[in-house]
Amino acid sequence: MSSSRRSFLAGAAGLAALGGVGGSLLGMPGASHAATGKGADAPSLRTDGTYDTVELAKPAWTLGLAQTRVHSFEPSQTRTALKRNLEHMLETIDRAFYFGARPDLLQFHEFPLQGWRRWTRKEAYQLAIELPGVESEAIAAKCRQYDTWIVFGAYVRDPDWPGHVLSITTVMDNTGRIVDKHWKARNIKGVFPGFELFTTTIYDVLDRYVEMYGRDAVIPVTRTPLGNLATSSAQREPELFRAMAMKGAEVFLRTASGGFMPLDVQACALYNGVYSSIVNNSISPDNGPFFDDPGSGGTALYGPNGEAIATASSLHEQLVVGRIPIAELRARKRQPVVHMELYRDIYDGYHSKYAPNLWSQYLPESLEDAARYVRDKSRWK
């Protein structure tokens, strides 16, 4: 890592300790924040069943889930299309507060600003946003206007990662500050016919990510006055969610793009004794080469016993609202009960199908190039 980058990260860490980035949240011991500066080199994990927290702002709060359309576009349309999608996000926020629930946290799906399409890396990099940037500043103004937290996903470019297209879920507090930036943990490989996703995830550059942000940031849990938040756009990886729960995640804010399995989200809530949301896109007309229904609907919130608290009533755009009694949960919540000694040797001896750090060696130029590159990288027969 260059000396200038080290200086930048050290400065960011110093600001965090002073409360200059995300306020007192980032100054908490074991904050487990991701990609916001150099953090701890060891996971913030207690051994007595408890976990790190910050003081709650209120005993219960309202979560709003914005099931909205996606609108993908050609790279030549980036400026106008991004503006159009941002305006739709801002209108959605206004609608969420026009009548009724007034959520304390409003969550969007994975790609409300860009949608998805078979872009090349160069094209995707062009349409990726910066954090902070024009789009996040406009959303921040809505946080302040309505005194609400907002969580949304986007393709992002970062000067510390030139050429990389990042899939990041951003957590903004009610003052409009970017409290955390959660990278997607991993992309599944070897399942799509003729292509592979080329966005950079933590797993794809694991060693460098740890060097820059610390091992604790690999499994981020953002400790806030609303509770301990974890986000993810990954599906069907219970080990990932279990690790988050071990570190104290109380509310999982999960997103999908074009479909998911409700059972996966429900089981996440049940097995870990947490609240787990899922926000998917709605019916999406005028969505480039896709049909109007690109695997829409299913937005929901599940409780600690796996019970459905609130679910979308259709595939169309709507606000799904659920109440989270966080103080009641915390009063009884402990880490998941896991008999690790029974199977630790199995986990230690397991080898993933694909090794980490593949994108540290080569950055594919397209979905098809990613498939070509990955084709002979499987460690399984």
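1. The chain's secondary structure amounts to 11 helices and 12 strands, where helices (H or I, at least four residues) and strands (E, at least two) are DSSP runs numbered from the N terminus. This is a predicted model, in which local features need pLDDT of at least 70 and side-chain atom pairs count only at pLDDT 80 or more, while totals for chains, interfaces and linings use all residues. Residues are numbered from 1 along each chain as its sequence is written, and side-chain values use heavy atoms, with hydrogens and water left out.

2. Along the principal axes, the C-alpha atoms fill a box of roughly 50 × 50 × 40 Å.

3. Of the 381 residues, 55% count as buried, that is, under 20% relative accessible area, with exposed meaning over 50% and partly exposed in between (1.4 Å probe, protein chains only). The accessible surface of the chain is about 16,700 Å², and carbon and sulfur atoms account for 56% of that surface; the areas come from the Shrake-Rupley method with a 1.4 Å probe, and for residues only the protein chains shown count as cover. Among contacts (heavy atoms within 4.5 Å) between residues at least 6 apart in sequence, 70% join residues at least 24 apart.

4. The largest pocket has a volume of about 2,100 Å³ and is lined by 46 residues, with E237, E239, L240, A243 and Y347 nearest its centre. On a 1 Å grid over the protein atoms alone, a pocket is an open set of points with protein on both sides within 12 Å along at least five of seven lines, a cavity is a set where a 1.4 Å probe fits but cannot get out, and lining residues have an atom within 4 Å of a point. Grid points are joined across faces, edges and corners, and a volume is the space filled by probe spheres set on the points. Helices α6 (238–246), α7 (262–272) and α9 (340–349) each contribute at least two residues to this lining.

5. The second largest pocket holds about 930 Å³ of space, and among its 31 lining residues E110, K184, F192, L197 and S257 lie nearest the centre.

6. A search of the whole structure finds one cavity of 30 Å³ or more. Of the 14 residues that line the largest cavity, W183, K184, A185, T231 and S232 are the closest to its centre. The space in this cavity is about 100 Å³, and at least two lining residues come from each of β4 (166–172), β5 (178–183), β7 (227–232) and α6.

7. Helix α11 (residues 367–374) is largely enclosed by the rest of the structure, because six of its eight residues are buried. The buried residues are L367, D369, A370, A371, Y373 and V374, and what covers them includes α10 (358–361).

8. Q126 is found in helix α3 (residues 121–127) and counts as partly exposed because its relative accessibility is 41%. Leaving aside neighbours within four places in sequence, Q126 is in contact with P75, T78 and R157. Q126 and V165 are 39 residues apart in sequence, and their C-alpha atoms are 9.4 Å apart in space.
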